[in-house]
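I opened this model to look up its charged contacts, its strands and a few backbone angles. My entries are set down below in the order in which I took them.

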Amino acid sequence: MAFEPPQRLVRALAESAPDGDAWVEELPEATERAVTARELTVERVQVPGGRSSLVVLVRLPDGTPAALKLAPPRYRPEAERAALAQWGGLGAVQLIESAATDAVPLTEGVLLLERLHPEVSVRSLPEAKAWLEAAGTLRRLWVAPPEGTVFETVAERTGRQAVAMRGASAPAEVAALVDAALAAREELLAAPPEVRLLHGTFRQSKVLAGDRAPWLAVGPDPVVGECAFDLARLVRDRVEDLIASPSGAATTRRRVKRLAESLDVDQERLRGWTLFRAVESGVRALRVGRPRDAELLLEFAGWL
């Protein structure tokens with residue numbers, strides 16, 4: 001079978017690393033090796049798939065459905081492996097460990113996961129129910145970081161992002177948002193209230209229907225820090241709908257309040273991290289040539 005990467009993945013990788021074609025070019029052969037080594041039966045490549053990895057729907061030698069995931073090093077697949085192992089299937093997709101895979105050395109960038117239902121995410125639920133299920137799933141992921149495993153910290157990750165934000169040339173109104181976001185970051189990092197293992201990129205589309213549990217999180221980019229940082233990305237979910245609504249600003253502020261209360265997170269800290277993460281994403285969208293996305297994100301940030 002030819003393992004051609006979906007075009008969505010190819011475009012996204014080109015945005016994040018214009019010199020990253022080598023991994024994409026080697027991906028068909030790497031996928032073939034991973035499938036052969038594990039004696040997997042391939043059903044299909046998941047299309048359109050994600051923006052940071054190739055997912056192939058497969059079956060184990062005993063017929064059990066599974067998902068084979070391959071990701072480039074810059075998306076930290078080994079950190080994902082460590083986080084999934086720490087969660088042990090509680091609230092998140094489970095790593096598959098069996099006789100069929102124990103004999104195969106762990107391959108960097110290759111994860112064998114339980115099969116979920118990629119076509120059914122929490123976003124398919126009515127809005128109120130979707131928020132409830134998403135928040136409940138996220139709460140289960142906030143555990144103590146494992147000892148002896150080094151994850152990137154919120155300070156480290158946002159520090160890299162802050163450098164890129166400062167170096168970006170932007171109109172005056174965007175520069176003002178950048179200044180506000182950077183100031184919020186400095187204040188938030190001065191006294192973090194707790195240290196937990198975080199999903200890192202949590203949103204409704206990252207919660208899929210499963211058989212073992214109704215809803216399970218996928219695709220973490222794990223980081224260690226305070227819970228408000230993790231919740232901040234969820235606040236701007238369905239941002240297109242927010243911007244299109246005449247009450248978008250008021251809805252956003254209510255959303256911050258309700259999510260903070262439901263997950264016992266300080267409201268002002270959540271607002272601050274939501275501001276930083278939205279501005280960072282908006283500036284990055286400008287840098288890689290996605291002006292429409294940037295416009296939405298920066299307008300949203302202005303409401304905070």
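The entries that follow go from conventions to salt bridges, then to a surface patch, a strand pair and backbone details.

**Conventions.** I note that this is a predicted model, in which local features need pLDDT of at least 70 and side-chain atom pairs count only at pLDDT 80 or more, while totals for chains, interfaces and linings use all residues. Residues are numbered from 1 along each chain as its sequence is written, and side-chain values use heavy atoms, with hydrogens and water left out.

**Salt bridges.** I looked up the salt bridges, taken as a side-chain nitrogen of Lys or Arg within 4 Å of a carboxyl oxygen of Asp or Glu, and found that the structure holds 21 of them. For the cover of each partner I used relative accessible area, where buried means under 20%, exposed over 50%, and partly exposed in between (1.4 Å probe, protein chains only).

I then turned to Glu152, which meets Arg160 in a salt bridge with an N to O distance of 2.6 Å. Glu152 counts as buried at 17% relative accessibility, whereas Arg160 counts as partly exposed at 45%. Both belong to a network of salt bridges that links Arg76, Glu152, Arg157, Arg160 and Asp221.

Next I took Arg185, whose salt bridge with Glu186 has its closest N and O atoms 3.0 Å apart. Here Arg185 is buried, with a relative accessible area of 9%, and Glu186 is partly exposed at 45%.

The last pair I checked was Glu280 and Arg284, whose side chains meet in a salt bridge at 2.9 Å, N to O. The two are separated by about one helical turn, because they stand four residues apart in helix 11 (helices are DSSP runs of H or I with at least four residues, strands are E runs of at least two, and both are numbered from the N terminus). Glu280 is buried at 8% relative accessible area, while Arg284 is partly exposed at 31%.

**Surface patch.** Which residues form a negative surface patch? I listed Glu4, Glu25, Glu26, Glu29 and Glu32; a charged patch is made of residues with over 30% relative accessible area and no salt bridge, like charges being joined within 9 Å. Glu4 is found in the segment before helix 1 (7-16), and this residue is exposed, with a relative accessible area of 54%.

**Strands 3 and 4.** I followed strand 3 (residues 65-70) to its antiparallel partner, strand 4, and found that five bridges join them; pairing requires that DSSP finds at least two bridges between two strands. Within this pair, Leu70 stands opposite Val110 in strand 4. Is strand 4 (residues 110-114) mostly covered or mostly exposed? I recorded it as mostly covered, since five of its five residues are buried.

**Backbone details.** I looked for a cis peptide bond and noted one that joins Val47 and Pro48, with omega about 10°. Pro48 has its place in the loop between strand 1 (41-45) and strand 2 (54-59).

I also checked for positive phi in residues other than glycine, and Glu39 has phi near 55°. Glu39 lies in the loop between helix 2 (21-37) and strand 1 and is exposed, with a relative accessible area of 59%. Asp264 likewise has a positive phi near 55°; its place is in the loop between helix 10 (248-262) and helix 11 (267-287), and Asp264 is exposed at 66% relative accessible area.

Notes. Patches are made of residues with over 30% relative accessible area and no salt bridge: like charges are joined within 9 Å, nonpolar side chains (Val, Leu, Ile, Met, Phe, Trp, Tyr) within 5 Å. Accessible areas come from the Shrake-Rupley method with a 1.4 Å probe; for residues, only the protein chains shown count as cover. Lys and Arg count as positive and Asp and Glu as negative; His and the chain ends are not counted. The place of a charge is taken as NZ of Lys, CZ of Arg, CG of Asp or CD of Glu.
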